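The following exercises are to be worked through with the sequence and the structure at hand. Each task is followed by a solution in steps.

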Amino acid sequence: MTGGTAAARSGADAKLVAGSFRDPSGGVVLSGDRVYRFFRPGHTSDFSNLLDSGLLTSLADRSLVVDSQVVSRDQAPEVYALGDVELVVEHPRITFVSYPYEWPFEMLKAAALLTLDILEEALAAGYILKDATPFNVQFNGCAPIFIDVASFEKYEEGMPWMAYSQFCRTFLNPLLLQSVRGQPYHPWLRGSLDGISPEAISALLPLRSKLRPSILMDVGLQAWFNQRARKGGDKQTSKAQAAQRKEPRIPKAVITGMVNRLRRTISGLKRPGARLSVWLDYEEHLPYEREALEFKDRFVSEALEAAAPAKTWDLGCNTGRFSMMAAERSGHVVAMDFDEAAVGALYHRSRENYTNLLPIVMDFMNPSPNMGWEQIERPGLIERGPADFGLCLALVHHLAISGNVPLDRIVAWLSKCTRAGVVEFVPKADPMVQTLLKTRKDVYPDYTPEVFHRALESRFRVDEAIQIPNSERVLFRVSA
C-alpha cells in the first residue's frame, strides 16, 4: 500500500463499535469487513505481556478465544488515525452478532461453561478475567468463542475474582430461573442487561432448591451479603475505622474451588422439558402429503442452489429442516424462531454437522430492539441485516392472523430482512389457518394469495409463484 493510499484511507472507513466507550484501555473498530481492537497508551504493555505469555495463542488455537494478530500502522492506518492509539490487533469477524437474550438454554449454558474453562486456564497461567458477562461470548455457528481479549488481567496472589457476582447475575441465575422454575430467562435478560440479581432469583427459587449447598453458596449467601451491605451503607464509618479495614486476601485455591463448584452446578442444569414449547413436535406432524413435502423441499433447494447466498436467514425455522438444507447451500445461516425449545432442539441437531448455522430465539412480533446506552450498544435485528437470502416458510399466516399485521406491512418488513428468498403463503382454507381462526373473528378480507402477490411485487421482483401439489399453499421465489 502506498503512502498516498494509506493517507486517503486514514479515518475514512473506521467505525468505533458503540459499546467501546465502556473500556478505558481501548476499543473495537470496524473497517469494511475487518475487525480491530486498539489499546491506548498505558495499556499496551499489559496486553503485550499477555500475548508473550502464550495463553491467548493456546486458547485461540483451540477456537476458545478469538484470534488476535498485531497489525502495524501501515496495515491499519484508519485505526491509528483515530488518535490515542498505541497498539492494534486484528480479529476474525463474527458473521452474525447475537446476544444472550436470543440464545436458547443450551447456548447460554455452553457460553457459561466456556467462560469458566477460560478462567481456569487463565488462573493456571497467572491471569484472571476482570469481566464475566455473556456479552463477551459470540457463536461461530453453534460453537461459543470468547471475544473480549481485554478482559484478561494479571493475577496477583490474594486478589478476589471481582467478576464473580457478574457471572452469577448473567449466567448462573438466568439458567436457574429456567431450569428450576421453568420460566424462560429471555424477557428478563432483555429487560435487564445486567442480569438477574441474587435477591430476585432467591425470591423465585423454591426452598428445597435454595438449600442445595451450591445454590446456597452462590445465590443465598450473595443475596444475604447484598442486603447486609445495603443496610450497613446507611451507617456512618469514621476515617479511622475505614483506614483500619483491610480487604480479605483470597487464596487462588479458593477461586479455583469456586470455578469448579460453578461448573458442576451449571453442568447439572437441564431445560425443564417440552412444556415451554408450542411447536416442538411440528415437524413430526407436518400438514403436507408426501408429494407436497417433496415438492417444497425441491423448490427450496433449487432456489438456494441458484442463489448461492453468502448469508441466509430462516425466519420461523422451527427445528430446522430447511435451516440445515440452507446451511449446505449458503455461506452462513441464521435460523430464528420464537419457540425457545424448538431452537434448542435445532442447536442439538446441528452443532456437530453444521459449523455455519446459528440458531437464535426471535419473536418477530416483538424482535430484539436497539438496546443499551443511547440505544446503540446492542443493535436490533433489522440493523444486523439484511440477509442475501431469506426463507419465510409457514410464517406469514401467523403474523397476519395471530399478529393482526396487514400483508403489505409484512412484505415491507421482509424487504428490510432480506434481498431475496422463498416465501410461503398459507390461504384461509388451510387447516392451520382454520385452527387460528377458531379463536378469533375473521376480519381479514384481504388475506388472499392475490393480495399477497401484489404486495410482494411492490417490494421485490416475483420470479416464480407456484402452488404446492395437493395443497392450496403457494410458494413465491423473489429477488431484488
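**Exercise 1.** Determine how the residues lining the second largest cavity of this predicted model divide by class.

*Solution.* Begin with the residues themselves: the lining consists of Pro100, Pro134, Phe135, Thr170, Leu189, Ser192 and Leu193.

**Exercise 2.** State how many cavities of 30 Å³ or more a search of the whole structure finds, and describe the lining of the largest cavity.

*Solution.* The search finds two such cavities. The largest cavity holds about 40 Å³ of space. Its lining is made up of Leu315, Gly390, Leu391, Cys392, Leu414, Thr418, Ala420, Gly421, Val422, Val423, Phe460 and Val478. Turning to the elements, β13 and β14 are those that give two or more residues to this lining. By class, nine of the lining residues are nonpolar, three are polar and none is charged. For this count, Gly is placed among the polar residues.

**Exercise 3.** Give the order of the strands in the seven-stranded open sheet, and explain why one side of β12 and of β15 is left without a neighbour in the sheet.

*Solution.* The order is β12-β11-β10-β13-β14-β16-β15, with mixed pairing. Strands β12 (357-361) and β15 (461-467) stand at the edges and have a single partner strand each, so one side of each lacks a neighbour in the sheet. From one strand to the next, the twist averages 20°.

Now consider one pair in detail. Strands β14 (residues 421-425) and β16 (residues 474-479) run antiparallel and are joined by five bridges. In this pair, Gly421 of β14 stands opposite Val478 in β16. Both Gly421 and Val478 also belong to the lining of the largest cavity.

**Exercise 4.** Identify which backbone nitrogen the side chain of Gln166 reaches.

*Solution.* Locate Gln166 in helix α6 (residues 164-181). Leaving aside residues up to four places away in sequence, Gln166 touches Asp131, Ala132 and Thr133. The backbone nitrogen in question is that of Ala132, which the side chain of Gln166 reaches at 2.7 Å.

Methods: Residues are numbered from 1 along each chain as its sequence is written. This is a predicted model: local features need pLDDT of at least 70, side-chain atom pairs count only at pLDDT 80 or more; totals for chains, interfaces and linings use all residues. Side-chain values use heavy atoms; hydrogens and water are left out. Two strands pair if DSSP finds at least two bridges between them. Helices (H or I, at least four residues) and strands (E, at least two) are DSSP runs, numbered from the N terminus. Axes are lines fitted to C-alpha atoms, for helices over the stretch in contact, and angles run from 0 to 180 degrees between N-to-C directions. On a 1 Å grid over the protein atoms alone, a cavity is a set of points where a 1.4 Å probe fits but cannot get out, and a pocket is an open set with protein on both sides within 12 Å along at least five of seven lines; lining residues have an atom within 4 Å of a point. Grid points are joined across faces, edges and corners, and a volume is the space filled by probe spheres set on the points. A polar contact is a pair of N or O atoms within 3.5 Å; within protein, one must be able to donate a hydrogen and the other to accept it, and residues adjacent in sequence count only if both atoms are side-chain atoms. Contact means heavy atoms within 4.5 Å.
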